[in-house]
Amino acid sequence: MLNFPGSAALPAPQEIKHEAPKVKRKGILPPIPHLAAKKTKGMGGLVSFSATCLFLLLSSFAGSAVGSVLFSTLPKTLIVSASPKQGQVLRAGEDKMAVSWALNQSFPVGTDEAYKKVKVRLCYAPVSQADRGWRKTDDDLSKDKTCQFDVAVQAYTTTTWTSFEYELSRELPTATYFVRAYALDYDGRVVAYGQTTDDQKATNLLEVMGISGRSLSLDIAAGCFSVLSVGSLVFFFVAAKRKKTNK
Amino acid sequence: MEEQKKPSSLQIESVAASDNKHFKVPVDSEHKATVFWIFSFAAPHMRAFHLSWFSFFCCFVSTFAAPPLLPVIRDNLGLTRTDIGNAGIASVSGAVFARLTMGTACDLVGPRLASASLILLTTPAVYCTSIINSASTYLLARFFTGFSLASFVSCQFWMSSMFSAPKVGSANGVAAGWGNLGGGATQLIMPLVYELIHNAIGSTKFTAWRIAFFVPGLMQTAAGIAVVALGQDLPDGNYQKLEKAGDKHKDSFSKVFYHAVTNHRAWILALTYGYCFGVELTIDNIIAEYFYDRFDVNLRNAGMIAASFGLANIFSRPAGGWFSDLLSKRYGMRGRLWGLWLVQSFGGVLCIILGLMDSLAAAISVMLLFSVFVQASCGLSFGIVPFVSRRSLGLISGMTGGGGNVGAVLTQLIFFQGSRYSTQKGIALMGVMILACTLPTMLIYFPQWGGMLVGPRPNATEEDYYAAEWSQKERDSGCHSASLKFAENSVSERGKRRDPSTTVPVDTTPSHV
């Protein structure tokens, strides 16, 4: 029900075409025999109002048609590194990490001709994807849910290394991650990538400890309102008993 | 609809004047309302209606407040699909026991105290959801919050105590339908509250969802206090007062229990209800994720689809109740039974089709149709329940309601737990289960009214049926007087096809009142 940072499908949003589904007005709701028999102002109006609302809801849904990019077809032309050591635990909202990327020099000159921007993202490691379909890896990048968090979008430069510092967002959940960089062309289409880990996503992983979201004031409020509920019930029981004994 | 047309004040006064009890609505010999004015707040009948549906609505909002926020909660607590599935089952399994207990409590202490106690005692679980920090505490919070769904039993019991036979289907249908609406409303309310806290106040998302849970908690607290402060058990007063005055026989649990569990009709209705309301609860837990995963809609749209399933309750369950009453007017109890079987079976067919749909638009259309039929069959079920027993009405309502939760638990365990079946295959198989479990409706038989396939037994009367729940000794001491009044007012269940001379004009206040 909620949209999350980085959950938007790649490639760039401008390529997504919205098309309303073709839904016939008739046949969404079955005729209700007794309502058909008696024309009533009150209930009939309620039913038609509800039917209209449901129809408007239906017609608001948009199917998206995206020119999909397959991850398996992308060349791994970028080298990416991040400062945390294997096994080091970083705290969301507090710690920072240095991220660097560069073109792998073993590729021929001109490989990066089409590169315009580099999008760096934080991605879930397999251990944090297990039994969590909402983080599943898909070869089709428009459906892939591995990399949900944007770290930075930078202009592509031919210098040896581009480095920057990233403060871990407070919105990051507790999980094991790696960093991946996507090279985008002039149309915003993904054309290459690089990542801090190997192809099996087993090395150079970073652990992030997310914030709990709990606070002392929340605990106190929960306690007070709970006491209010149970207390009001006790109050009514005592009042009823008093009334009974007074009579 | 005739119940919307209020009679003149003169008519009401003439009704009230014929008895020392002053009611703002026309009543029968049991002082049950013979009209159902949906927008009236007249005490005690219509006030009880509004208190019961709203308190049940609040309980539904609380119980299903977590699923629409799951995308945030699961990240915060590190939940897996298995954890979410287990918590979904826990949320509806807790209410099985609670509903049975609630039925007995209604029979013994009355719906007002039973309902308020349950609502206010489960509210701490809603508040404590905001301080959970692991998969196990999430499961426990959902389990205990789920107990509040048992307020459905008091809701139906209360309506059956306040409205006469020709209107009880409508009253039960609307009260339960508007209450169930909470399952859809929460899919809209919770994300809205969350977004407000997250964006307007600027809380982090992991704090925002926690604060959001205070909204359903406060709603539930307010509803519980309103029920105990403003409600009344019966048209003539509260249980305690009537028992003290000697106007109401104080029943024993063992006898109430015995007459409930030995009534085969109650068990069949519990089974069939397990595959209309049970299916509805299952869909509430899985549908958003199903559309998100299968059709790649984003989470907001998936939530809107899920909400539209629940929001259909605004008219579909009441329509089931009205349809039940309409069939009863012409065909009596046999009409009610046929209506239940036909509507629920068609719902099963639509459920199978839903599981086979490959396009988003078609799936949404079929789901909306399916929601109308599955929810209408819930209304039709509770058009029959009030006539199964007079003495054990509360416990039988509880057994039926509990059957709904058992159905939800079993369905989720069989079809939606782990990866044995894909979700779409699970939905299709659930449709087959609906068809199979609706067939036993044909075995429900009332000697005085008949069943789906067999007519009534000659010379069997309503009085014989309801008096049979009382021993000769109890009858001699007049304990069964309420049952006799109920029998007199349920003659309408014979329908127009049987000897009309034996029926009493139940839509008007009897002259002796």
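## An enclosed strand in chain A

In chain A, strand 9 (residues 175-184) is largely enclosed by the rest of the structure, because ten of its ten residues are buried. The model is a predicted one. In a regular strand, side chains alternate between the two faces of the sheet. Ala175(A), Tyr177(A), Val179(A), Ala181(A) and Ala183(A) point one way from strand 9 of chain A, while Thr176(A), Phe178(A), Arg180(A), Tyr182(A) and Leu184(A) point the other way, and all are buried.

| Partner of strand 9 of chain A | Bridges | Sense |
|---|---|---|
| Strand 6 (residues 117-124) of chain A | eight bridges | antiparallel |
| Strand 10 (residues 190-195) of chain A | five bridges | antiparallel |
| Strand 11 (residues 206-209) of chain A | three bridges | antiparallel |

Individual bridge partners can be named for these pairings. Phe178(A) in strand 9 of chain A is the bridge partner of Cys123(A). Thr176(A) has Glu207(A) in strand 11 of chain A as its bridge partner, and Ala181(A) stands opposite Gly194(A) in strand 10 of chain A. Strand 9 and strand 10 of chain A also form a hairpin, with five residues between them. Within that turn, Gly188(A) has a positive phi of about 80 degrees.

## Chain A as a whole

Chain A contains four helices and eleven strands. Of its 247 residues, 43% are buried. Among the contacts in chain A with a separation of 6 or more, 78% are between residues 24 or more positions apart. The accessible surface of chain A is about 13200 Å², and carbon and sulfur atoms account for 58% of this surface.

## Helices of chain B

Helix 9 (residues 205-212) and helix 10 (residues 214-230) of chain B pack at an angle of about 5 degrees, and their axes are 5 Å apart. Angles under 35 degrees count as roughly parallel, and helix 9 and helix 10 of chain B are therefore roughly parallel to each other. The contact involves Arg210(B), Ile211(B) and Ala212(B) of helix 9 of chain B, together with Phe214(B), Val215(B) and Pro216(B) of helix 10 of chain B.

Helix 18 (residues 393-415) of chain B has 23 residues, which at 1.5 Å a residue should span 33 Å. Its end C-alpha atoms are 33 Å apart, in agreement with that expectation. Helix 18 of chain B is mostly covered, with 19 of its 23 residues buried.

Technical notes: Residues are numbered from 1 along each chain as its sequence is written. Chains are lettered from A and ligands numbered from 1 in the order in which they are written. This is a predicted model: local features need pLDDT of at least 70, side-chain atom pairs count only at pLDDT 80 or more; totals for chains, interfaces and linings use all residues. Side-chain values use heavy atoms; hydrogens and water are left out. Helices (H or I, at least four residues) and strands (E, at least two) are DSSP runs, numbered from the N terminus. The expected span of a helix is 1.5 Å times one less than its number of residues. Buried means under 20% relative accessible area, exposed over 50%, partly exposed in between (1.4 Å probe, protein chains only). Contact means heavy atoms within 4.5 Å. Accessible areas come from the Shrake-Rupley method with a 1.4 Å probe; for residues, only the protein chains shown count as cover. Two strands pair if DSSP finds at least two bridges between them. Axes are lines fitted to C-alpha atoms, for helices over the stretch in contact, and angles run from 0 to 180 degrees between N-to-C directions. Angles under 35 degrees count as roughly parallel, over 145 as roughly antiparallel, 65 to 115 as roughly perpendicular and the rest as oblique.
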